[in-house]
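I opened a notebook page for this structure and wrote down what I looked up, in the order in which I looked it up.

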Amino acid sequence: MNPFVGYYLATSHNLPSYSQKLQEYWLASNGLFLRSHRRELEVCLQIAQTQIAGLQPLEPYFRLTVPKVKSQIITEIINTASINPHQEILFYLGAANNQWWSHTPLQTASSTHVVSLENSLKVSYTDALVEIHSHGTLAAYPSSTDNQEEKGKFRVFAIIGTLKTTPTIYTRIGIYNHFFPIDPNLIFELLPHIICSS
């Protein structure tokens with residue numbers, strides 16, 4: 001038995017309480033779903049569509065258990081990233097007592113790459129629900145480098161781009177080795193001057 005992953009059949013419309021597994025794969029009448037949770041977030045997202053007789057259908061969901069990230073925090077992040085738009089910059093966001101905090105870790109960066117130099121045991125890293133980095137003047141869309149660096153984590157990833165014109169933001173959720181694009185409005189209180197890209 002895998003101590004981290006569980007495999008289940010959706011025989012009822014009502015899913016049971018979360019197991020102790022990091023990931024739950026659910027086979028339902030309408031496809032294969034991945035379910036997981038952490039203190040601030042509960043998700044059930046569809047991996048594949050199919051039709052299977054004898055099982056019940058599932059509906060995907062994305063539920064924050066904390067308030068959305070305040071628009072002021074996003075504005076401050078965009079302003080900071082715009083100071084040097086030709087160099088990427090990384091931010092961690094987390095929530096404690098329903099209040100969001102933002103942290104800019106010690107990092108090394110270039111025009112195409114940014115890496116935190118902080119130990120992965122630091123609270124700012126382990127407690128972060130959202131990881132944001134900038135793409136400067138380029139499009140807000142994950143690169144192959146982003147895909148590699150963001151594997152193995154369960155958090156929301158955001159990219160801010162086109163900082164010289166109208167800022168854009170792209171968001172996706174990473175559930176270990178699965179990525180799902182999500183609407184930025186699910187996690188952020190967005191401002192009118194920011195374009196959501198997909």
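**Fold and overall dimensions.** I counted the secondary structure of the protein and found three helices and 14 strands, bearing in mind that the model is predicted. I then took the radius of gyration, which is 18 Å and close to the 16 Å that the globule rule gives for 198 residues, so the protein is as compact as a globular protein of that length. Along the principal axes, the C-alpha atoms fill a box of roughly 55 × 35 × 35 Å.

**Burial, surface and contacts.** I noted that 46% of the 198 residues count as buried, and that the accessible surface comes to about 10,300 Å², with 53% of it belonging to carbon and sulfur atoms. Among contacts between residues at least 6 apart in sequence, I found that 53% join residues at least 24 apart.

**Nonpolar cores.** Which residues have the most contacts inside the largest nonpolar core? I listed Leu93, Trp100, Val130, Ile132, Ile173, Ile175 and Phe188, in a core that has 38 residues. Two or more residues of this core are given by each of β4 (41-49), α1 (71-83), β6 (90-96), β10 (130-134), β11 (153-161), β12 (168-176) and β13 (178-182), and the largest share, five residues, comes from α1. I looked at Phe188 in more detail and, leaving aside its neighbours within four places in sequence, I found it in contact with Lys68, Val69, Ile74, Val130, Ile132, Ala158, Ile169 and Thr171. A second, separate core has seven residues, including Ala28, Phe33, Cys44 and Tyr61.

Thr162 has a phi near 45°, a positive value in a residue other than glycine, and its place is in the loop between β11 and β12. Is this threonine buried or exposed? With a relative accessible area of 19%, Thr162 counts as buried, because the cut-off for that class is under 20%. Tyr176, which is not a glycine either, has a positive phi of about 60°, and I placed this tyrosine in strand β12. At 17% relative accessibility, Tyr176 also falls under the 20% cut-off and so counts as buried.

Key. Residues numbered from 1 in each chain as written. Predicted model: local features only at pLDDT ≥ 70, side-chain atom pairs only at ≥ 80, totals over all residues. Heavy atoms only, no water. Core = buried A, V, L, I, M, F, W, Y, C linked by side-chain atoms within 4.5 Å. Buried < 20%, exposed > 50% of the residue type's maximum accessible area, 1.4 Å probe, protein only. Helix = DSSP H or I, 4+ residues; strand = E, 2+ residues; numbered from the N terminus. Contact = heavy atoms within 4.5 Å. Rg over C-alpha atoms; globule rule 2.2 N^0.38 Å. Areas by Shrake-Rupley, 256 points an atom, 1.4 Å probe, with all protein chains shown as cover.
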